[in-house]
Amino acid sequence: MNKAMEQEKGRIEQSAEGNATEANPAKGNHATEANQSETSLTEKEPSSAVTLRSVMQKRSRFKLGPLTLNVPIGHVTAIVGPNGSGKSSTFRLLMDQSRPDEGELWLLGEQVGIGLDDSLLKQRIGYVPEEDNKRDAGLRGTFKADFTAEWYPSWNGNEFERLLREFEVDPSLRLGKMSKGMRRKYELALVMAHGPDLLLLDEPSSGLDPISWRKLVDELHRYMRRGNRTILMATHIMDEVKRLADYIVVMSGGRIIGMYEKDELLSSWHTFYVGPATVGLPAHGAGSATQLAPEAVQALPGLVNAEEAGGGTCRVTTCKAWEAELWCRQQGFAITGQRALELDEIMALLIRDSL
Amino acid sequence: MRLPIQINENSAEPLYHQIESQLRALIVSGQLLENTLLPSNRELAQSLNCSLITIRRVYQDLEAEGLLRTRQGSGTFVAKVDTDAGSKKLLQTAEAAVEAAIEAGMAAGLTRHELEEVIRHELDRRYGKQQ
């Protein structure tokens with residue numbers, strides 16, 4: 001791991017006892033109400049909607065964790081990462097559908113899996129799993145909705161119908177007869193209709209057409225406008241992260257690589273084409289004398305990659321774009337081209353450098 | 001309300017900085033009038049495709065500058081600019097200029113008395129002689 005990455009990871013605290021990666025947004029520059037302290041878990045109003053503490057699950061072919069994570073209330077947090085990085089396993093642990101071998105999980109200030117009856121907690125949560133329930137295939141949409149309404153005192157029938165209309169879902173169909181996208185929209189409407197404090201969404205938009213996807217993004221924004229609600233979602237759609245997320249959690253190989261504030265992450269990673277200084281040099285000497293070798297930019301802030309790009313310029317990638325730009329100006333290096341990295345490129349670099 | 005703010009994604013300038021300077025310009029130039037209700041944090045974040053954290057930071061910074069004020073429960077409004085924040089800024093500029101003038105006098109080796117004479121002379125010329 002190079003120096004720049006080390007600094008980038010400075011936001012991630014190593015916990016005292018293990019090597020558990022603690023990803024806490026409050027440790028960044030923008031510590032506000034997302035502030036999280038050790039004691040807050042026992043308080044009436046926690047600042048984290050979801051908390052994982054050194055959670056580990058060992059299976060013969062896959063080891064998950066140790067995971068340590070605080071998901072701040074009132075924000076949208078997106079978990080991204082390649083297939084098999086442990087996103088869905090984490091959701092199952094949160095919903096108490098599987099048990100950790102070590103560690104603790106907390107939802108809305110209550111520890112998962114210790115009480116006999118968690119129905120009160122579950123009433124405040126809306127969960128859409130990765131796979132739709134096959135056993136419901138024979139039920140009509142209206143029947144499952146009536147059944148669900150019984151379980152949630154806060155069920156809002158008008159809101160449910162509004163969402164179905166918005167998503168263009170016909171609830172009189174049997175769930176197994178619905179297309180994948182329509183079934184998905186049905187399940188989303190179902191969990192949003194009881195106005196939960198916390199939405200846990202595992203790839204909510206899989207199977208959705210672009211128009212439905214746009215509507216879903218708008219509805220999730222609308223959902224967030226009401227009070228201190230929280231969304232934790234796993235997704236592969238980078239545009240979804242861009243439009244919705246406040247925080248991004250990167251997972252890979254069963255571990256959390258880091259948690260980042262979205263805008264900071266997206267605006268920090270740039271690729272520059274840096275040329276030699278063109279001012280103050282004799283015009284005829286501008287040939288070989290002003291070649292800019294990759295060695296010349298080793299001190300560039302946040303340097304991740306530097307390679308020759310021909311014509312005496314260097315192609316550099318930095319995770320501290322603003323400082324790097326100022327540094328180039330100071331050094332008198334001309335920036336001839338500049339591009340912000342896409343989220344998937346940033347993700348790949350973060351994962352590469354965490355190995 | 002949609003604010004005319006443009007984000008340049010390929011600029012290395014931090015997002016909060018881009019939004020902040022454009023919103024500041026809208027207020028100081030009078031394009032946004034006093035008492036205009038701004039979009040909520042979440043609404044502005046949605047329309048600019050950025051995170052809540054960024055918007056909160058922008059609003060907090062501009063509030064600290066006296067350009068915005070937040071009323072609990074009712075939202076963020078454009079504050080009275082030209083009289084309060086504006087005149088304060090002008091005073092600061094004037095003070096800095098006087099300070100620089102005095103420094104120049106000291107550097108030229110003038111005594112306090114001589115410097116007072118120079119300043120009094122100039123003041124008399126501009127405002128008229130004091131009785």
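Colleague: What separates the centres of domain 1 and domain 2 of chain B, taken over C-alpha atoms?
Modeller: 36 Å. This is a predicted model, where local features need pLDDT of at least 70, side-chain atom pairs count only at pLDDT 80 or more, and totals for chains, interfaces and linings use all residues. Residues are numbered from 1 along each chain as its sequence is written, and chains are lettered from A and ligands numbered from 1 in the order written.

Colleague: Where do the domains of chain B run?
Modeller: Domain 1 is 15-79 and domain 2 is 83-127. The bounds come from an automatic or database domain assignment.

Colleague: New topic. How many residues does the contact take from chain B and chain A?
Modeller: 16 from chain B and 21 from chain A. Two residues are in contact if their C-beta atoms, placed from the backbone, lie within 7 Å.

Colleague: Which helix gives the largest share of the side of chain B that touches chain A?
Modeller: H3(B), with five residues. Helices are DSSP runs (H or I, at least four residues), numbered from the N terminus.

Colleague: And the cores. How many residues has the largest nonpolar core?
Modeller: 82, with A:Ala78 and A:Ala189 among those with the most contacts inside it. Such a core is a set of buried Ala, Val, Leu, Ile, Met, Phe, Trp, Tyr and Cys residues joined through C-beta atoms within 7 Å. Buried means 20 or more other C-beta atoms within 10 Å of a residue's own.

Colleague: Which helix gives the most to this core?
Modeller: Helix H6 of chain A, residues 180-192, with seven residues. A second, separate core of 20 residues includes B:Ile19 and B:Leu67.

How values were computed:
Helices (H or I, at least four residues) and strands (E, at least two) are DSSP runs, numbered from the N terminus. A residue is buried if 20 or more other C-beta atoms lie within 10 Å of its own, exposed if 12 or fewer, and partly exposed in between; C-beta atoms are placed from the backbone.
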